[in-house]
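Please look over the sequence and the model below before reading on.

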Amino acid sequence: MAKHIDSRIPEGPVAEKWTNYKAHQRLVNPKNKLKLDVIVVGTGLAGASAAASLGEMGFNVINLCIQDSPRRAHSIAAQGGINAAKCYQNDGDSVYRLFYDTVKGGDYRAREANVYRLAEVSNNIIDQCVAQGVPFAREYGGMLANRSFGGAQVSRTFYAKGQTGQQLLLGAYSSLSAQVHAGKVKLYTRYEMEDVVIVNGRARGIIAKNLVTGKLERFSANAVVIATGGYGNAYFLSTNAMGCNCTAAIQCYRKGAYMANPSYVQIHPTCIPVHGDKQSKLTLMSESLRNDGRIWVPKKLEDAKALQAGTKQGWEIPEEDRDYYLERRYPAFGNLVPRDVASRAAKERCDKGFGVNNTGLAVFLDFSESINRLGLDVIMQRYGNLFEMYEEITDVFPGDVANEINGVKYYKPMMIYPAIHYTMGGIWVDYELQTSIPGLFAIGECNFSDHGANRLGASALMQGLADGYFVLPYTIQNYLADQSIWGKVSTDLPEFDAAEKAVDAELDRLLNIKGKRSVDSIHKELGHIMWEYVGMGRTAEGLKTGLKKMHELEKEFDENLFVPGTKEGLNVELDKAIHLRDFFTMGQLVAFDALSRNESCGGHFREEYQTEEGEAKRDDENYFYVGCWEYKGKGNEPELIKEPLEYEAIKVQTRNYKN
Ligand SMILES: Cc1cc2nc3c(=O)[nH]c(=O)nc-3n(C[C@H](O)[C@H](O)[C@H](O)COP(=O)(O)OP(=O)(O)OC[C@H]3O[C@@H](n4cnc5c(N)ncnc54)[C@H](O)[C@@H]3O)c2cc1C
């Protein structure tokens, strides 16, 4: 029988914070704030915004990242935009509608109260970023422009060309730099958190590795905030930056933090297809392209076969022989259905033999209609950098005219296919973003967050910045209020000694295996297992096979890994080995969770549970909960703990994007 937790009616020590107003008053006194240190691990949009805000509020912040500058965090890759319920288009948008779309998009598996708060603060984020000088796209009249993203019938996505993440990160970085300059934030670049230190049941510090010298260092604070991003790279090939990893999150899990909904992994429909087995990275073509690009495959199998053989090109196929399958199946949302729906529809067409490239695993994303309607200039203004990126990788420019049939110009279409992109699962947090370890908080993509079983496009940046600018800096004070009396602990405590020794011993263990296989070769094999058995279509049998194969491969990792070099100085292979060790734990968690959830919802698609039309079939009676996993030691099955979901404002129903 699984244990149950309830995040909304706190009991015991957590309940104190709701009534502890007196303690809270202490923080009004700036002198008390000066005594409080907070470690923020990560400088992506979530980490940088949180560190800057906490610094500005008067706390002392220690902020770490693995890159050489906060500006190089993975968040910089975000392309398409960020949602907010400003209703600048006067198209009927509202806080409630953004809340509703997000809960529905997540297939009714998100915590309702969190999502409402997210929708409420969305508008503040835009104001904050504009004040920082983020150059959002504007209309001629000077108003901020919007475009549409999947799962919404309004235009609420704010954007800066196809570089929204970069511009938002520069904004957050400028605020962070001001706090570094003011002495409120101490920045440690090229540092990796290897462990969290627990003293008397509370998170009191971390052990971090200086990635340049190889030295382990101790940091103590009154609270620790993890903002270290998602675990998509467990699949080896993903759209994530190469450095993305889940080491910090998994160490927190090993120390007692629950991991929630790990099986909710997002597979993005518009990525450049895999083109060989020497690839280490996949490239996203932003969802924003679905505003003006139409997705199709041929209607006739013989056309598909000719495309696969290379004897025919897409632009030679006339309009009447094209199957715009998303527009056909989902007339109300068309090409803008949510990502999980669009990805499965592409897989369904390719599985039936209609794929359009040499591997049969691609569909077209075609701009002919919109270029003919709006002109190439307008399309280039909207997506110029994405067209150029596509050309750089594939040598095809989607704005080139390729053919003319019956007076209609046809342009060279992009080819796209679904790929691992984002992880909705992550460290479990309560409404205050505190994990199951007191004093340990998690924000941004690394928490299990607000997206339920499927995240809508442009909502990750919204969530990361909501957490960092507007939620955590306030909720963490409920915890810090007490800390101002207790102060922080010394790094000489035995708990720090033990944690540092354990990390050091792990580094020795990995270096001393002295086997024959490189980190990448094992990681690639893990990725194949994950994609095949724990990927887009899952079955109970496949998941069990996947778990077995992961165990075998983990044994191979433990016995036959080869890491060159030493602990001292820079050793990138050693760092990758640590990440891979933790991807194994994460991969198994994804499989356990997927196996325990005998239903399909959002990004979690169990082939046994689908409607006749191939749509996800939920089982609300048995699975209307957040699945949290508690670590039980290496080699042991983790324990499932359930947080029942409670909806008050939204009626739970079957998702419908058809009408
Ligand atoms: C190609 C692409 C395009 C996207 N486009 C959009 C979009 O248009 N709109 C949208 O809403 N979302 C988009 N997303 C998703 C979004 O970019 C991410 O979800 C978001 O940026 C994550 O931010 P984060 O701050 O949580 O984590 P990250 O940006 O991943 O930052 C993680 C930080 O943690 C640090 N770190 C990691 N491990 C450690 C460790 N052990 N010790 C110390 N530091 C560590 C890193 O150095 C980094 O600073 C996109 C994602 C991709 C891959």
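A polar contact is a pair of N or O atoms within 3.5 Å; within protein, one atom must be able to donate a hydrogen and the other to accept it, and residues adjacent in sequence count only if both atoms are side-chain atoms. This is a predicted model, in which local features need pLDDT of at least 70 and side-chain atom pairs count only at pLDDT 80 or more, while totals for chains, interfaces and linings use all residues. Residues are numbered from 1 along each chain as its sequence is written, and side-chain values use heavy atoms, with hydrogens and water left out.

| Residue | Distance from a ligand oxygen atom |
|---|---|
| Alanine 46 | 3.0 Å |
| Glycine 80 | 2.7 Å |
| Serine 459 | 3.4 Å |

Taken alone, the ligand exposes 1,000 Å², of which the protein buries 97% (accessible areas from the Shrake-Rupley method with a 1.4 Å probe; for residues, only the protein chains shown count as cover). Among the 38 residues around the ligand, Gln67, Ser75, Gly80, Met193 and Glu445 come nearest (near means a heavy atom within 4 Å).

Aspartate 582 is counted as buried because its relative accessibility is 0% (buried means under 20% relative accessible area, exposed over 50%, partly exposed in between, with a 1.4 Å probe and protein chains only). The side chain of aspartate 582 makes a polar contact of 2.7 Å with that of threonine 247. Leaving aside residues up to four places away in sequence, aspartate 582 touches Cys246, Thr247, Ile250 and Arg254 (contact means heavy atoms within 4.5 Å).
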